[in-house]
Number of protein chains: 2
Amino acid sequence: MATLADARSVEAAVLELKQLLGSRASDAAAIRDHHSHGESYHPPALPDVVCLPHTTDEVASILRVSAAHQIPVVPFGAGTSLEGHVHAVRGGITIDLREMKTILRIGVEDLDATVQAGVTRVQLNKALGETGLMFSVDPGADATMGGMASTRAAGTTTVRYGTMRENVLGLTVVLADGRVIRTGSRARKSAAGYDLTRLFVGAEGTLGVIADVTVRLHPVPEAVAAAVCAFDSMAGAVATVVALIQLGIPVARLELLDEVQMDAVNRYSKTDYPVAPTLLFEFHSDSRPHVEEQAQAVEALATEHGGHRFEWETRLEDRERLWLARHQAMYAALALRPGARAWTTDVCVPISRLAECITETHADNAGAPFPIALVGHAGDGNFHLNYLIDPSSQAEIDHARRINDRLVMRALAMGGTCTGEHGIGYGKMKFLELEHGPAAVEVMRALKRALDPDNRMNPGKMVLI
Amino acid sequence: MATLADARSVEAAVLELKQLLGSRASDAAAIRDHHSHGESYHPPALPDVVCLPHTTDEVASILRVSAAHQIPVVPFGAGTSLEGHVHAVRGGITIDLREMKTILRIGVEDLDATVQAGVTRVQLNKALGETGLMFSVDPGADATMGGMASTRAAGTTTVRYGTMRENVLGLTVVLADGRVIRTGSRARKSAAGYDLTRLFVGAEGTLGVIADVTVRLHPVPEAVAAAVCAFDSMAGAVATVVALIQLGIPVARLELLDEVQMDAVNRYSKTDYPVAPTLLFEFHSDSRPHVEEQAQAVEALATEHGGHRFEWETRLEDRERLWLARHQAMYAALALRPGARAWTTDVCVPISRLAECITETHADNAGAPFPIALVGHAGDGNFHLNYLIDPSSQAEIDHARRINDRLVMRALAMGGTCTGEHGIGYGKMKFLELEHGPAAVEVMRALKRALDPDNRMNPGKMVLI
């Protein structure tokens, strides 16, 4: 069991890291403080030293220093984690990968790209420019590709294009002892050996450090249409979602917001959408008439289920405004209560249970001492509540914990998961065994022990060994 | 390291298995012989005893007998493996899962189903009947769902709907010591812990025995069209494939056959297609006009690249005849040379290299002492050659090995994989390290040791520990 490294080992490691990286290894208080937290409510935890490598070789050298001195390593990307993944809860070396930001290769013919781990999703999409291709996974934050791979991130387009699990073709990973492996290949599919790519995708840096990522790209659709529709009730909005998924309408985005969140969006983004349960849609096709057909079918379904003010956003700038407002939902919710921090929930359930899950949750949340806003990837059965808590109030934190615990138990009882896309970090460790059972978690521990016997890789997260 | 179990241990294990399963545990010569091989050229290898469990609990009991007596276990499905996966190369217990053929649950609202491992893909699709849903993965054989999961199988619809990797939502797996775990959940996505589902998908029974499988279903498309088009040249056919993938035309099937294979199909299926490089297409949509648009776009692309006699198969029976002929391609090829066995290759390359790979391979194959037929999932960059060898001729086997070795090295040099969908088994073990490098294969060995420390789970396959 790794505990905090002793002071002498840390001192020796810091010296070696400074020799290796010069000013790109720093134990200055401000740098350590900046790397002590993500965007969540969890209390900060300082690393002893922060390294900013430029190459896979430098990452490997850092891991060898970690091995020599038995010092923990925490990978750090954009710092937008919501479950405490980047908190250095046992001190040690934080590897900030944001200076590994080179786009190594764009394969226009093969619809793929290889990027260093610190490249962000917006940076990659900008670089794709006129290629006619796009990278689809879009969490709210402008996260790094390494961080997105590590947390198995998803986003608004997952209903059509999948999560990082489906969009990562291969990885370069630095192992605990500094060895470097390449997983996967540039082939679209392979049955050659254990699926190491999928083992490291979602492993949250607990098995190795991702140094570069090869991802699938998708053709920018020839035709796009977006729409907003307010509903009389949450139940009607969800029923529309279920009906359109079952009809096989290939919707590209299908987002649900409740009235609290719509109010927050209007205030933050200076929009004037109705303050009501709302669905945001986007339709993609290689064909303009097909987009129009999809849209008409969905408008009819929505109207049938109490949708009104179905509004088309046909111009590019209107669409961009719509999705920017959606991506800023968490920041908009935070602005409802200045000084608040967001505790963001992340359950995902089979879509047949989504309406029931949301209804029961709304009832359970009545009377909470803080505002709660809902935003969800309804087509995947995944929704987030932002509990806007006063971080100095233990009573609010305790209340948030109680209603989140009940929310997770509700989702698990419905065949769902405690986290659709944010990951376990250390915030959700207590749910892992409730979700998967003790034997499956013991298998996870066996994998962790096999690849990280010293327990130096982001220790204290995911599973304890 | 496991070697053949000693005779006394085997005898004791057989006795216990007969007590457990009665006549469903058999060491009769005919039963053992039937379970000594798949459909490939590899020499048969007899198990000591064959068990036919009905439940997960029975599988767990068999594994406990294996553990007590240190006897290897080989899972067996439809017996259609092409790389020797089911050959009991170290003797032991073959677990034939074909009597575990219950469809446990069909989730019409959630587009998913849970089936025992011995359910076949055709059985599942029949059971889906009038639900409006389909299971998409379709290897040539009517394989079992457990076998397909274990080899990470794919098929003609992978270009649109993915492989088993994308279509398995969760598994029940019996571990080496008889513990039972459930992986994944019924949620469409999850970031909760290591991706155990993807670890067992493609593990070929070397880490545990899959007892049931939860899969994604897809809506049966509202509109379907299929077409056949013969080309002047292989290069023109492949150029058509590359162009349509890059345009983002969401083709559902995109199969390539060479002239030898088309001749075989005509003879075997009593068809009269032109004997020329040929593409088979299928288009799916929720919209009839959209299918017609796709088809017209592709017909124009094909014509531009030397396609002629573009023929539409619009009636359901014509389409079924077309795809049945495609699925029987290997059997058709075998019929070209009575008494032959097929050695089936399986490389997959980035589609930008597909034309080059096929051209170089055709040149390298000239003068082979046996017929060679090509059939491929061109949209994925995956193609198969069937070497129709005389299994009694060592010279032919040696020639096949040489040209297959060169084919694999060519594919690896192009960034591809030695196996797109058939798996490693024991036929491709020598390529694993060439493809992934020694450090990655060492990681695979560490995983194997962690979950199967006695090396009893399908030993002698995938990786040696």
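The legends below go with close-up views of a predicted model, so please read each value as computed from that model.

**View 1. Chain A and chain B share an interface.** Let us begin with the two chains together. How many residues does each chain bring to the contact? Chain A gives 83 residues and chain B gives 83 residues. Between them, the chains bury about 6,400 Å², and 59% of this area is on carbon and sulfur atoms. Which residues of chain A lose the most area to chain B? They are Lys189(A), Ala191(A) and Tyr194(A), which together account for 15% of what the chain A side buries.

**View 2. A salt bridge links Glu421(A) to Lys189(B).** Here the side chain of Glu421(A), from chain A, meets the side chain of Lys189(B), from chain B, with a distance of 2.9 Å from N to O. Across the interface of the two chains there are 4 salt bridges. Over all chains, the structure holds 60 salt bridges.

**View 3. Helix H11 of chain A packs against helix H11 of chain B.** In each chain, H11 covers residues 288-304. The two axes lie 9 Å apart, at an angle of about 165°. Are the two helices parallel or antiparallel? An angle over 145° counts as roughly antiparallel, and so H11(A) is roughly antiparallel to H11(B). The crossing of this pair is left-handed. On the chain A side, the residues that meet the partner helix are Pro289(A), His290(A) and Glu293(A), and on the chain B side they are Pro289(B), His290(B) and Glu293(B).

**View 4. Helix H17 of chain A meets helix H17 of chain B.** Take a look at residues 438-451 in each chain, which form H17. Here the axes are 9 Å apart and the packing angle is about 135°. That angle makes H17(A) oblique to H17(B). The crossing of H17(A) and H17(B) is right-handed. Which residues make the contact? From H17(A) come Val443(A), Ala446(A), Leu447(A), Ala450(A) and Leu451(A), while H17(B) provides Val443(B), Ala446(B), Leu447(B), Ala450(B) and Leu451(B). By class, the contact has 10 nonpolar residues, with no polar and no charged ones.

**View 5. Helices H1 and H3 pack together within chain A.** Now we stay inside one chain, with H1(A) at residues 7-21 and H3(A) at residues 56-69. Their axes come within 10 Å and cross at roughly 160°. This angle makes H1(A) roughly antiparallel to H3(A), and the crossing is right-handed. On H1(A), the contact residues include Ser9(A), Ala12(A), Glu16(A) and Leu20(A). Among those on H3(A) are Glu58(A), Ile62(A), Val65(A) and His69(A). In this contact, 7 residues are nonpolar, 3 are polar and 2 are charged.

**View 6. A salt bridge joins Arg267(A) and Asp263(A) in helix H10.** The closest N and O atoms of this pair are 3.0 Å apart. Where do the two partners lie? Both are in helix H10 of chain A, which spans residues 259-269. Count along that helix and you will find Arg267(A) and Asp263(A) 4 residues apart, about one turn.

Definitions and conventions. Residues are numbered from 1 along each chain as its sequence is written. Chains are lettered from A and ligands numbered from 1 in the order in which they are written. This is a predicted model: local features need pLDDT of at least 70, side-chain atom pairs count only at pLDDT 80 or more; totals for chains, interfaces and linings use all residues. Side-chain values use heavy atoms; hydrogens and water are left out. Axes are lines fitted to C-alpha atoms, for helices over the stretch in contact, and angles run from 0 to 180 degrees between N-to-C directions. Angles under 35 degrees count as roughly parallel, over 145 as roughly antiparallel, 65 to 115 as roughly perpendicular and the rest as oblique. A crossing is left-handed if the near helix is turned anticlockwise from the far one by less than a right angle, and right-handed if clockwise. Contact means heavy atoms within 4.5 Å. Buried area is the accessible area (1.4 Å probe) that two parts lose on being put together, summed over both. Ala, Val, Leu, Ile, Met, Phe, Trp, Tyr, Cys and Pro count as nonpolar, Asp, Glu, Lys and Arg as charged, and the others, Gly among them, as polar.
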